[in-house]
Amino acid sequence: MKKIKLVPDKPYYNYCDIAVLDVTEKGERKRCKITIEYAKSDVEPLIKKGLTLEEIVAHYEQVIYDTVRYYLLQDWEYIGGYEDVLEIIKTYTGRFCKEEGFSTVVAAGRYRHFKGNEYEVLGMARHSETMEEMVVYRPLYGEGGLWIRPAKMWSETITRDGKTYCRFEKIESETP
């Protein structure tokens with residue numbers, strides 16, 4: 001398996017160039033350069049899918065791995081620089097997640113609860129006393145009404161009967 005070192009250039013507002021170096025017992029040799037783009041237009045679709053900042057960073061991590069693998073034509077392991085690259089991505093993509101001042105962003109749209117009912121998320125809010133981040137939503141069944149739930153609870157996973165579920169999962173259908 002190839003040993004690779006990633007060396008990020010100075011990050012720019014919308015992208016960062018990353019040098020990919022082969023690392024052997026003889027030293028380092030530049031293999032190629034890749035560009036990671038994290039403009040608002042790149043990150044917004046991920047936020048609209050309901051991805052958290054951590055999931056967005058994981059998405060970019062997979063993109064980097066797949067891109068480098070494409071150029072190397074084989075699997076690889078990093079021996080340096082990956083953490084620096086991921087920190088840049090987290091910093092620059094995080095600004096879009098936090099535009100509204102929320103550390104957890106739950107995108108507006110339709111969601112299915114792990115028990116099967118569907119809900120429409122209208123937006124995010126804060127508790128006036130505790131400043132806890134809340135999701136504002138309405139059930140798409142019964143009498144409806146407006147409800148709030150802590151954002152951390154909305155985004156958590158639940159384990160029931162030995163199976164793990166996302167409490168709420170974004171679904172692609174249009175809101176009513």
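Is D22 buried or exposed in this structure? D22 is buried, because its relative accessible area is 3%, where buried means under 20% relative accessible area, exposed means over 50%, and partly exposed lies in between (1.4 Å probe, protein chains only).

1. Basis of the note. This is a predicted model, in which local features need pLDDT of at least 70 and side-chain atom pairs count only at pLDDT 80 or more, while totals for chains, interfaces and linings use all residues. Residues are numbered from 1 along each chain as its sequence is written, and side-chain values use heavy atoms, with hydrogens and water left out.

2. The partner of D22. D22 forms a salt bridge with K2, and the closest N and O atoms of the pair are 3.9 Å apart; a salt bridge here is a side-chain nitrogen of Lys or Arg within 4 Å of a carboxyl oxygen of Asp or Glu. Since K2 lies in strand β1 and D22 in strand β2, the pair ties together parts that are 20 residues apart in sequence. K2 counts as partly exposed, because its relative accessibility is 24%. Both residues also belong to a network of salt bridges that links K2, D22, R29 and R31.

3. Other salt bridges. A search of the whole structure finds 13 salt bridges. One of them joins the side chains of E44 and K40, at 3.8 Å from N to O, and these two residues both lie in helix α1 (residues 40–48), four residues apart, which is about one turn of the helix. E44 is partly exposed at 32% relative accessibility, and K40 is partly exposed at 33%. R112 and E118 form another salt bridge, with their closest N and O atoms 2.8 Å apart; R112 is partly exposed, with a relative accessible area of 36%, whereas E118 counts as buried at 19%.

4. The sheet. Helices (H or I, at least four residues) and strands (E, at least two) are DSSP runs, numbered from the N terminus. Four strands form an open sheet in the order β3-β2-β1-β4, with mixed pairing; two strands pair if DSSP finds at least two bridges between them. Because β3 (27–37) and β4 stand at the edges with a single partner strand each, one side of each is left without a neighbour in the sheet. The twist averages 35° from one strand to the next, where axes are lines fitted to C-alpha atoms, for helices over the stretch in contact, and angles run from 0 to 180 degrees between N-to-C directions. Strands of a sheet pair through backbone hydrogen bonds, either parallel or antiparallel. In this model β2 and β3 run antiparallel and are joined by 10 bridges, and V20 stands opposite C32 in β3.

5. The helix across the sheet. Helix α2 lies across β1, β2, β3 and β4, and runs at about 130° to β3. The 20 residues of α2 should span 28 Å at 1.5 Å a residue, and its end C-alpha atoms are 29 Å apart, which agrees; the expected span is 1.5 Å times one less than the number of residues. The buried residues of α2 are L53, I56, V57, Y60, I64, V68 and L72. They cover an arc of only 140° around the axis, which puts them on the same side of α2, the arc being that of the directions from the helix axis to the C-beta atoms.

6. Two residues with positive phi. Most residues other than glycine have a negative phi. L73, although it is not a glycine, has a positive phi of about 60°, and L73 lies in the loop between α2 (53–72) and β4 (76–80). L73 counts as exposed, because its relative accessibility is 75%. D161 also has a positive phi, near 50°, and is placed in the loop between β9 (157–160) and β10 (163–166); D161 counts as exposed at 82% relative accessibility.

7. N14 is found in the loop between β1 (2–8) and β2 (15–24), and N14 is partly exposed, with a relative accessible area of 34%. If its neighbours within four places in sequence are left aside, N14 is in contact (heavy atoms within 4.5 Å) with I36, E37, Y38, A39 and R95. N14 and S41 are 27 residues apart in sequence, and their C-alpha atoms are 9.6 Å apart in space.
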